[in-house]
Each structure stands twice: as C-alpha cells, then as structure tokens.
Amino acid sequence: MTDETEIWHLMPVAILAILWNLAGCADYVLTQYGVAPYLQILTQSNAEYFTSLPAALDGAWAIAVWGGLLGSVMLFLRLGAAPWVLGVAALAMLGSAGWLILLAVPPLAEVSGLFGVAMIAGAAGMATFFYLYARQMRVAGALG
C-alpha cells in the first residue's frame, strides 16, 4: 500500500488497541499477584471471586489479555498475522465472559451486579471489535 492510499485510521486504532490491552494485562497481573492496593478497589466479595477463578478460566483470561496485546502490537506493525492472534484473543475473551456470565457459580451478576456484567461484556465486545477491524485491514491490503 502506498502512502497516497494510506488508511488514516489504522494507527489510531492500533494505538487504542495497545492501550486497551495494556490495561487488561495490568488488571490480570495485579489480580493474579494479589496486589493489595489494587484489590482494595474491589469489594471483598469481588476480590475473593476474581482471585479464586478456576485454572481454565485463568488460562483463557491470560490468552485473552496477552494475546490481545500481542495482536495489537502486530496490528501496529502491520503484520498480516495480527487478525489471527486477535481472533484467538477474542475467542478467549468471549469464552471467559460467557463462562462468568452464564456458567459460573455464583454467576458474575450475583457478585458484581449489572456493572460487572457490563464490564466483562464490554471487554468481550472490544476484543471482538479489534479482531474484526484487523481482519478488515487485512482484506483492504493494509497489513502484510
């Protein structure tokens, strides 16, 4: 793709994706390591809930946030594999959100209310958006 046909929104979206996924990675690390000042932001029941998730869900959460960050950096670098990595991250995030909302005992809504459900659904929506965007940029020829 030449400079004349440059897609102007690719870099702003890639930077937004990197920042979004950095926040997700920070949340993951701070929760996994049980950083007290961070967990104090949450209610006691929320902190206990998120620090005692099953290993499979922890794994899916890790794939979602770290894969999202890797895919976002790949999008920034215009690498053709970015949609694949972001797709895997989005699937992991959708699976995590689905499990927390529909299958967890207790369900997320019971612990965190509608705000918690909206947050996790929003995170899944953002992961899906970044995947679809990267896929479209690949189709448009903006990625290698």
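Accessible areas were computed by the Shrake-Rupley method with a 1.4 Å probe, and for residues only the protein chains shown count as cover. On this basis the chain exposes about 8000 Å², of which carbon and sulfur atoms supply 73%. The structure is a predicted model, in which local features need pLDDT of at least 70 and side-chain atom pairs count only at pLDDT 80 or more, whereas totals for chains, interfaces and linings use all residues. Residues are numbered from 1 along each chain as its sequence is written, and side-chain values use heavy atoms, with hydrogens and water left out.

The chain contains six helices and zero strands, where helices (H or I, at least four residues) and strands (E, at least two) are DSSP runs numbered from the N terminus. The order of elements from the N terminus on is accordingly α-α-α-α-α-α. The C-alpha trace spans about 55 × 30 × 25 Å along its principal axes. Of the 144 residues in the chain, 41% are buried, a term that denotes under 20% relative accessible area, with exposed meaning over 50% and partly exposed the range in between (1.4 Å probe, protein chains only). Among the contacts (heavy atoms within 4.5 Å) with a separation of 6 or more, 75% are accounted for by residues 24 or more positions apart.

The interior was examined in terms of nonpolar cores, each a set of buried Ala, Val, Leu, Ile, Met, Phe, Trp, Tyr and Cys residues joined through side-chain atoms within 4.5 Å. The largest nonpolar core has 24 residues, and those with the most contacts inside it are Y49, L53, M93, L100, L108 and I120. Two or more residues of this core are given by each of α1, α4, α5 and α6, and the largest contribution, seven residues, is that of α6. A second, separate core comprises 16 residues, including I7, V85, F130 and A142. In soluble globular proteins, nonpolar side chains tend to be buried together.

M93, with neighbours within four places in sequence left aside, is in contact with A64, I120, A123, A124 and A127. L108 is located in helix α6 and is buried, its relative accessible area being 1%. With sequence neighbours within four places again excluded, L108 is in contact with Y49, F50, L100, G113, G116, V117 and I120. The C-alpha atoms of L108 and I120 lie 9.2 Å apart in space, although these residues are separated by twelve residues in sequence.

Helix α3 (residues 44-51) has N46, A47 and Y49 as its buried residues. Seen down the axis of α3, these residues fall within an arc of 165°, and they therefore line one face of the helix; the arc is that of the directions from the helix axis to the C-beta atoms. The buried residues of α3 pack against α2 (36-39), α5 (82-103) and α6 (108-139).

Elsewhere in the chain, S72 in helix α4 counts as buried because its relative accessibility is 0%. Not counting residues up to four places away in sequence, S72 touches A14, A17, I18, N21 and L86. G125, by contrast, lies in helix α6 and is partly exposed, with a relative accessible area of 37%. The C-alpha atoms of G125 and W99 are separated by 15 Å, with the two residues 26 residues apart along the chain.

On the surface, I15, L19, L22, V73, F76, L77 and L79 form a nonpolar patch with about 590 Å² of accessible area together. Patches are made of residues with over 30% relative accessible area and no salt bridge, with like charges joined within 9 Å and nonpolar side chains (Val, Leu, Ile, Met, Phe, Trp, Tyr) within 5 Å; a salt bridge is a side-chain nitrogen of Lys or Arg within 4 Å of a carboxyl oxygen of Asp or Glu. At least two residues of the nonpolar patch are supplied by each of α1 (10-32) and α4 (55-76), and the largest share, three residues, comes from α1. L19, which lies in helix α1, is exposed, with a relative accessible area of 54%.
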